[in-house]
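Dear colleague,

I am passing on a structure for you to look over, and my notes on it follow below. Please read them alongside the coordinates.

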Amino acid sequence: MKLNISNLKNPVTAAVLLFTLTLAACGGGDGNKSTQTSDTTASSGSSSDANTILGAGSTFVYPLFSKMFSEYDKTAGVKVNYQSIGSGGGILQLTNKTVDFGDSDAPLNEEQTQKIGAPVLHIPMCSGAVVMAYNLPELKDTLKLTPELIANIFLGKIKSWNDPQIAGINKGVTLPNMPVVIAHRSDGSGTTNIFTTYLDKVSPEWSSKVGKGSSINWPAGLGGKGNEGVAGLVKQTPGAIGYIELAYAMQNKMSFSKIKNKAGNFITPSVASTSAAGNIQIPADAKVSLTNTEAADGYPISGFTWAIIYKEQNYNKRAADRAEKLVKLLWWNIHEGQQYCEQLNYAPLSKSAVTVAESILKSATFDGKPILK
């Protein structure tokens, strides 16, 4: 696990470092979780069991994929081995053709597109909220944060939880006099892309000094691998704050803040507020950002996650049957599979998003011929 350490003299930070090193020694939390088998299976690529589809990528969507793929196996008798290794890792494995699909919470950037060397399709699976999870044991009220506060915290400009900037937004709330400990991702991450794209939109200082992307140079804080790693750091460290997907915060019973959106409303992240953010016109390629939504009831740090596949499926001596199994799996995900979204705190695709996803999947080919009839 890569660590970014800003101040070892701080006893709280030193404690977090000890925890992080322990976590790394134990395999980095659950950052390499799979819904079926180990990483050695994924490395076998398209030569593996013909009845097992291989995927890798986003930890953001892992809780939902675990449920979807378990149910799909019961329905279709097709297993899915999905490696929860982060969006960057999933894109790399797809580029190396060791998996059938990658999943990313950010569309491929220009460099990734050049490296992959062939047309790919981005199929939206659902949308989710990236929440500001924090560990303030004595705080009884729900913390409120503004875009400016979030940027200043992650820029390392706010050092203590009772800082006047935080107190000014949370009037009447007794804030603890304890250091702010920042937790962020250490791996290439679509969750990071959603979060930093938001900060890039709302903070000119963040935009000029740090910028956006799946992997950035953090001004301050400690790194954890995967949503699991960041959640673990926050949960184990009093005074910590980090960005994680809503499902992880809910499963771990963690506190998370309300955030002021573009309309000036403090919004609690939820399926409803995430759905409101995603109620927009979806472009034909489905590559769109949901951050800093105009919707008055929309949560401002929301984003899609996309399954990514090669448009032409006849590569690496793949069988037509394998390509058909893959496309049928993703078709099921955007239809029957959507019923599992809300119970796991993800927002189902809107009707317009499903229509776009259908069109994209229908463009997948084998030997130049459409796979879906």
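The protein chain holds 14 helices and 15 strands, where helices (H or I, at least four residues) and strands (E, at least two) are DSSP runs numbered from the N terminus. Please keep in mind that this is a predicted model, in which local features need pLDDT of at least 70 and side-chain atom pairs count only at pLDDT 80 or more, while totals for chains, interfaces and linings use all residues. Residues are numbered from 1 along each chain as its sequence is written, and side-chain values use heavy atoms, with hydrogens and water left out.

Of the 373 residues in the protein chain, 57% count as buried, that is, under 20% relative accessible area, with exposed meaning over 50% and partly exposed in between (1.4 Å probe, protein chains only). When contacts (heavy atoms within 4.5 Å) between residues at least 6 apart in sequence are considered, 74% of them join residues at least 24 apart.

As for open space, the largest pocket contains about 410 Å³; a pocket here is an open set of points on a 1 Å grid over the protein atoms alone, where a 1.4 Å probe fits, with protein on both sides within 12 Å along at least five of seven lines, and lining residues have an atom within 4 Å of a point. The volume is the space filled by probe spheres set on the points, which are joined across faces, edges and corners. Of the 17 lining residues, G88, I91, N109, E111 and Q112 are the closest to the centre of this pocket. Helix 4 (87-95) and helix 5 (110-116) are the elements that give two or more residues to the lining, and helix 4 gives the most, with 5 residues.

N316, in the loop between strand 13 (302-310) and helix 13 (320-334), has a positive phi of about 55° although it is not a glycine, and N316 counts as partly exposed because its relative accessibility is 45%. N345, likewise not a glycine, has a positive phi of about 70° and is found in the loop between helix 13 and helix 14 (351-362).

Best regards
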